[in-house]
Amino acid sequence: MPLATVLPSPIGTLLLTGEPSATAPGGTALASLTVLGPSRLAPGARLDTIAFAEITRQLDAYFDGTLTAFDIECTARGTAFQHLVWNALARVPYGTTSTYERLAADIGAPGAARAVGAALAANPVLLVRPCHRVLGADGALRGYAAGTDAKQHLLDHEAAHARTRAAV
């Protein structure tokens, strides 16, 4: 049975869905993280805030600026290419950005920037897989499932906390 919870955040109310973890007894594996809007709960999903305790703890710590890398089990389904892109995306450091072109080159597919963009658009776990860190070649914000205002907020948030960490 799918599990779900909602979590207020600086970019809007987040809808988290998941399923029981295959590796952590009593834990939850994250299936999707979206900003509420047209999203709906999966058929048969039950709200369960306790099941998401560790995930919400990490998300809260991220928004507090004390967490720079997530350690969350995900059950994201996707193609082999999508997983290749998502794995490359996970290597983009906190407080920095990359481009669609650079990610394409990183996975050995130069010239596949549009395909990389499509794979990022299919990323079901915003924030956890930080597609907000990817910009156009000209440095412009491009599509983001939560909207470009949310993308800018996340980039500003990470940049501010990265500077604070560097100053310490």
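Author: Gladly! One thing first: this is a predicted model. Let us begin with Cys-131, which is buried, with a relative accessible area of 6%.

Reader: Is Cys-74 buried, partly exposed or exposed?

Author: Cys-74 has 27% relative accessibility.

Reader: What makes a residue exposed, then, and what is the case of Arg-91?

Author: Exposed means over 50%. Arg-91 has 57% relative accessibility, so Arg-91 counts as exposed. You will find Arg-91 in the loop between helix 2 and strand 5. A polar atom of its side chain lies 3.2 Å from the backbone oxygen of Asn-87.

Reader: Which label does the other arginine, Arg-133, get?

Author: Arg-133 is buried, because its relative accessible area is 5% and the cut-off is under 20%. Arg-133 sits in the loop between helix 4 and strand 6. Leaving out residues up to four places away in sequence, Arg-133 touches several residues, among them Thr-68, Tyr-94, Leu-155 and Glu-158.

Reader: What makes the link between the side chains of Arg-133 and Glu-158 a polar contact?

Author: A polar contact is a pair of N or O atoms within 3.5 Å, one able to donate a hydrogen and the other to accept it. The side chains of Arg-133 and Glu-158 are joined at 2.8 Å, so the distance meets that cut-off.

Reader: Which residues of helix 1 are buried?

Author: They are Ile-55, Thr-56, Gln-58, Leu-59, Ala-61, Tyr-62 and Phe-63. Take Thr-56: it has 15% relative accessibility, so it counts as buried. The side chain of Thr-56 also reaches the backbone oxygen of Ala-53 at 3.1 Å. Beyond its neighbours within four places in sequence, Thr-56 is in contact with Thr-5, Leu-7 and Leu-16.

Reader: What makes Tyr-62 and Phe-63 an edge-to-face pair?

Author: The structure holds 3 aromatic pairs. In the pair of Tyr-62 and Phe-63, the ring centres are 5.2 Å apart and the planes stand at 75°. Rings pair if their centres lie within 6.5 Å, and planes over 60 degrees apart count as edge-to-face, so this pair is edge-to-face.

Reader: Where are the two partners in the pair of Tyr-62 and Tyr-94?

Author: Tyr-62 is in helix 1 and Tyr-94 is in the loop between helix 2 and strand 5, 32 residues apart. This pair is edge-to-face too, with 6.2 Å centre to centre and 85° between the planes. Tyr-62, at 1% relative accessibility, counts as buried, and Tyr-94 is buried with 13%. Ring pairs link Tyr-62, Phe-63, Phe-70 and Tyr-94 into a cluster.

Reader: Last topic: how many residues does the largest nonpolar core have?

Author: It has 41 residues, and those with the most contacts inside it include Leu-16, Leu-120 and Leu-127. Helix 1 gives the most to this core, with 5 residues. In soluble globular proteins, nonpolar side chains tend to be buried together.

Reader: Why is Leu-127 called buried?

Author: Its relative accessible area is 2%, and buried means under 20%, so the label holds for Leu-127. Leu-127 lies in the loop between helix 4 and strand 6. Its phi is near 70°, a positive value in a residue other than glycine.

Technical notes: Residues numbered from 1 in each chain as written. Predicted model: local features only at pLDDT ≥ 70, side-chain atom pairs only at ≥ 80, totals over all residues. Heavy atoms only, no water. Buried < 20%, exposed > 50% of the residue type's maximum accessible area, 1.4 Å probe, protein only. Contact = heavy atoms within 4.5 Å. Core = buried A, V, L, I, M, F, W, Y, C linked by side-chain atoms within 4.5 Å. Helix = DSSP H or I, 4+ residues; strand = E, 2+ residues; numbered from the N terminus. Phe/Tyr/Trp six-rings, centres within 6.5 Å; stacked < 30°, edge-to-face > 60°.
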